[in-house]
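Here are some notes to read beside the structure, as a friendly first tour. Please keep the model open while you go through the points.

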Amino acid sequence: MGQDMIELKGVTKQFPGVLANDAIDLSIEEGEIHAIVGENGAGKSTLMKILYGLQQPDKGEIFFRGKAVKISNPSVAINMGIGMVHQHFMLLPSFTVAENIVLGIEPRKRSIFMDYKKAVEITQDLVRTYGLKVEPQLKVRDVSVGIQQRIEILKALHKGADILILDEPTAVLTPQETEELFVVIRKLVKELNKTVIIITHKLQEVMALSHRVSVMRQGKLIGTLETKDASEQIIAEMMVGREVLLEPLEKTTVEGKTILEVNHLKSRDNRGLLALRGVNLHVKEGEILGIAGVEGNGQSELVEALTGLREIESGEVMVFSKNLAGKSPREIRESGIAHVPEDRLITGLSKDATITENMMMGLHDQEPYAKKGIHTNKQTIRQRVETLIKKFDVRTPSQDVLVENLSGGNMQKIVIAREFAFDTPILIISQPTRGVDIGAIEFIHQQIVEKRNEGCAILLISAELDELFRLSDRIITVYEGELTGTFNNGEISKKEIGLYMTGKRKLSKEGGA
Amino acid sequence: MKKVFNKKDMEYLISLFLSIVVALIIGGFIMMANGSSPFEGYRALIRGAFGSQYSLANTFGRTVPLILTGLAAAISFRSGIYNIGGEGQLYLGAFAAAYVGITFTSLPGPVGILLAIIAGAVVGGMYAFIPALLKVRYKIDEVITTIMLNTVAILLTDYLVNYPFAASQGKMGGTDMVEGSYRLTRLVPLSTFNTSIFMMSFIALTIYYIMQKTSAGYKFKMVGQNSSFANYGGIDAKKQMIIAMIISGGLCGIAGVFEVLGTHYRFLQNISPEYAFDGLLIALIVKSNPIGVVFMAIFFAALKTGSITMENTTSIPSELVLVIQSIIILFIAGEAGFKGMFKNFLMKRKLQQKVGEE
């Protein structure tokens with residue numbers, strides 16, 4: 001590893017209400033893979049935006065190869081050799097790979113027209129130099145997420161990046177794609193002398209990939225460690241600021257009869273394309289069925305179809321031998337399905353309403369919370385909410401606080417508390433811990449398992465394989481709206497399941513499920 | 001149970017108060033630019049609004065249509081559907097009342113009044129139902145349709161009162177007078193202040209109760225804040241929007257009924273000096289809070305009645321109050337922006353102090 005390439009001294013950034021970066025000192029050495037970890041809202045992204053010129057620090061200095069610099073906008077950063085791959089890709093889906101890569105610095109013919117042939121050549125050159133395989137002539141919308149990420153990386157390299165900032169690069173990738181990305185990153189660093197900064201919250205990746213790791217918490221840089229001297233436990237504690245106890249999640253119940261059964265379910269997505277192509281599954285009492293799949297393979301549509309929020313084209317949703325297909329969300333709730341939706345702010349909550357108002361949804365016209373179904377009985381509602389706030393450890397000064405003023409973890413606890421408290425025999429839980437801090441994740445996991453142990457039938461959808469493996473009794477894989485496999489947890493490795501998630505392998509026909 | 005104002009409510013009340021103060025100060029400068037003393041101007045304004053029994057009667061008489069149309073706007077805004085068609089609904093409601101009053105003349109007084117109110121509410125409500133249905137069925141923007149339906153209603157009633165229902169004596173753009181026993185009793189001599197204030201109060205209390213204390217009010221609010229959340233929670237958002245719109249239209253229709261039975265005793269073309277639009281502004285300013293509507297309606301009514309005295313006793317034109325109203329709206333609309341700027345400023349100051357201490 002070489003000398004300091006970038007050095008930040010006392011970088012401070014204030015947003016209304018939060019000190020996003022509080023006097024950050026950080027050095028990035030030439031030729032290293034430097035991981036930056038921290039919980040949501042720790043200030044990682046803000047720091048990287050400052051480095052890339054998207055935000056200006058209120059205070060502090062940035063040194064580049066020993067010289068003080070002012071990165072007033074991204075083109076300054078690009079000229080210095082800093083490239084960034086955002087978490088959400090900035091690609092034009094209807095353009096080809098080559099066009100996307102040269103975008104902004106297109107080769108030209110007669111100074112007006114784009115030289116497409118040249119663009120393809122440039123792309124092929126890049127592919128040869130860096131060993132990142134892409135097909136220059138394909139349209140971006142036709143390539144997988146993993147490839148799109150490569151395109152982003154190539155784009156940055158084409159602009160002359162020596163330092164690559166990768167923001168949560170593995171969030172959208174399958175285990176296989178993640179592995180491939182790591183190979184690429186290692187190659188870039190080892191053979192081509194690039195420097196890589198990777199932002200992540202997955203500690204296994206930090207351990208597997210990085211040379212050094214910097215941990216952030218609440219806007220402060222807690223410390224920088226040599227990865228070989230660190231462990232996941234140490235890093236987790238630095239992130240959270242206290243000891244993290246991972247208690248074992250025991251199963252204390254026996255599975256009973258099947259109470260949710262889905263047969264040949266078909267439904268379309270918002271564009272009118274078939275998103276579910278005849279899904280069959282069943283969930284038993286006291287069982288957590290996990291659904292694994294790369295996002296956008298029909299999971300969201302499945303949940304919406306089951307909960308009455310999306311029209312069902314054909315098929316059955318049997319609950320206690322009653323077909324709920326085509327019923328309203330209300331009827332489905334009354335038939336015994338509660339639902340934690342994937343996006344709390346879009347579907348799960350009203351952020352402009354108080355905690356009380358959010359927690360009374362579904363009870364608002366039920367006795368005793370509404371006398372005769374009409375007159376809101378504030379007292380009983382407040383009592384219930386008070387109990388739930390305590391039971392689910394929602395951190396708030398009062399139940400009259402507007403939900404928008406709470407952290408992601410506390411918002412999620414409100415959704416979970418409300419839905420779990422309906423005491424339905426069936427729970428559909430989608431992305432239960434997305435954007436939630438480690439402490440809350442642990443709590444939510446325990447609550448889910450407790451529900452299962454009480455005999456609830458749980459359908460769990462998560463983009464985090466770790467979560468599925470930790471909680472599920474059985475896992476099914478989906479790919480392009482079809483089930484590709486069903487496994488008892490423990491029968492299959494994460495790596496193997498990745499093959500089913502990408503449709504590279506398939507079980508003939510899902511027999512028992 | 002104690003009433004807790006959350007931080008946001010408090011911030012809002014402060015910024016509303018500041019907006020009104022600043023608007024009045026700017027109004028004062030305009031008076032000075034006009035060559036008049038702002039103190040004299042405002043004194044005349046206050047005297048005109050509250051100075052005598054007669055002026056008080058005028059002010060509170062004017063609150064009747066303003067509170068009704070204000071609540072109408074509030075209930076629709078809160079449900080996430082924007083009824084800008086209150087003026088048309090008011091005209092049709094007023095016409096319906098006049099029709100009852102000149103057609104069914106042999107009913108006992110209270111029955112006739114009740115029938116007129118019901119007729120006005122139903123006609124207004126049904127007229128609001130059209131754009132509501134277009135909105136939830138075909139996603140046609142209700143703002144556009146309701147605005148256009150205003151013109152339709154106003155021109156339709158223009159036609160009706162000039163041709164089929166024209167007054168039997170003289171061409172005056174109005175219907176005949178309604179049956180004597182249907183006319184609401186005047187409470188203060190010379191003024192038009194009448195018993196509709198009691199009926200309005202009853203209606204307003206009912207609406208307040210529905211909006212703040214019932215599951216129906218909760219549904220409206222949740223649909224307006226986040227209709228996906230409402231649907232997910234088992235509330236039929238479309239149905240709630242339609243109901244809110246019908247109630248809103250009904251309230252505007254009743255506002256029209258009271259103008260006929262209490263003020264003019266007949267339907268007149270141009271019966272409303274844009275009461276429904278004032279109602280919209282009122283609801284906007286108070287962010288659809290029903291209690292706020294009452295206070296803001298009184299404020300608006302006072303400005304309006306006071307401005308007439310002001311114009312008569314000083315050389316300040318009554319249009320000044322429009323300027324004041326508009327400035328308040330401007331500040332309230334810009335509230336978020338101003339608040340953000342202000343907060344940022346404070347934050348920077350704090351940060352600089354902190355830096356300085358080091």
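1. Strand β18 (residues 337-340) of chain A runs parallel to strand β21 (residues 426-430) of chain A, and four bridges join them. Strands here are DSSP runs of E with at least two residues, helices are DSSP runs of H or I with at least four, and both are numbered from the N terminus. Two strands count as paired if DSSP finds at least two bridges between them. Across this pair, A:His339 stands opposite A:Ile428 in β21(A).

2. Which residues of β18(A) point one way, and which the other way? A:Ile337 and A:His339 share one direction, A:Ala338 and A:Val340 take the other, and all are buried.

3. A word on conventions and confidence. Residues are numbered from 1 along each chain as its sequence is written, while chains are lettered from A and ligands numbered from 1 in the order in which they are written. Because this is a predicted model, local features need pLDDT of at least 70 and side-chain atom pairs count only at pLDDT 80 or more, whereas totals for chains, interfaces and linings use all residues. The model scores ipTM 0.86 and pTM 0.82. For chain B the average pLDDT (the predictor's confidence in each residue, from 0 to 100) is 91, and 91% of the residues score at least 70.

4. Please take care with residues 354-358 of chain B, where pLDDT stays under 50. The model has one contact beyond four places in sequence for this stretch; two residues are in contact if their C-beta atoms, placed from the backbone, lie within 7 Å. Where pLDDT is low, the predicted coordinates should not be read in detail.

5. Now look at an open sheet of four strands in chain A, ordered β2-β1-β4-β5 with antiparallel pairing. β2 (18-29) and β5 (67-69) of chain A are at the edges with a single partner strand each, so one side of each has no neighbour in the sheet. From one strand to the next the twist averages 25°. Angles run from 0 to 180 degrees between N-to-C directions, and axes are lines fitted to C-alpha atoms, for helices over the stretch in contact. Strand β1 (residues 4-15) of chain A meets β2(A) in the antiparallel sense over eight bridges, and A:Lys13 stands opposite A:Asn21 in β2(A). Helix α1 (residues 44-51) of chain A packs on this sheet, touching β1 and β2 of chain A, and its direction makes about 60° with that of β2(A).

6. A further open sheet in chain A has six strands in the order β6-β9-β10-β3-β11-β12, and its pairing is mixed. Which strands stand at its edges? They are β6 (82-85) and β12 (220-226) of chain A, each with a single partner strand, so one side of each is left without a neighbour in the sheet. The twist averages 20° from one strand to the next. β6(A) pairs with strand β9 (residues 163-167) of chain A in the parallel sense over four bridges, and the bridge partner of A:Ile82 in β9(A) is A:Ile163. α1(A) packs on this sheet, touching β3 (33-38), β6, β9, β10 (195-200) and β11 (212-217) of chain A, at about 150° to the direction of β9(A).

7. Chain B is divided into domain 1 (1-36 + 315-347) and domain 2 (63-314), with bounds from an automatic or database domain assignment. Their C-alpha centres are separated by 27 Å. In the contact, 13 residues of domain 1 of chain B meet 12 residues of domain 2 of chain B. Helix α13 (residues 320-333) of chain B gives the most to the domain 1 side, with seven residues.

8. Finally, where do the chains meet? The contact takes 24 residues from chain B and 30 residues from chain A. On the chain B side, α14(B) gives the largest share, six residues.

Definitions and conventions:
Buried ≥ 20, exposed ≤ 12 C-beta atoms within 10 Å, placed from the backbone.
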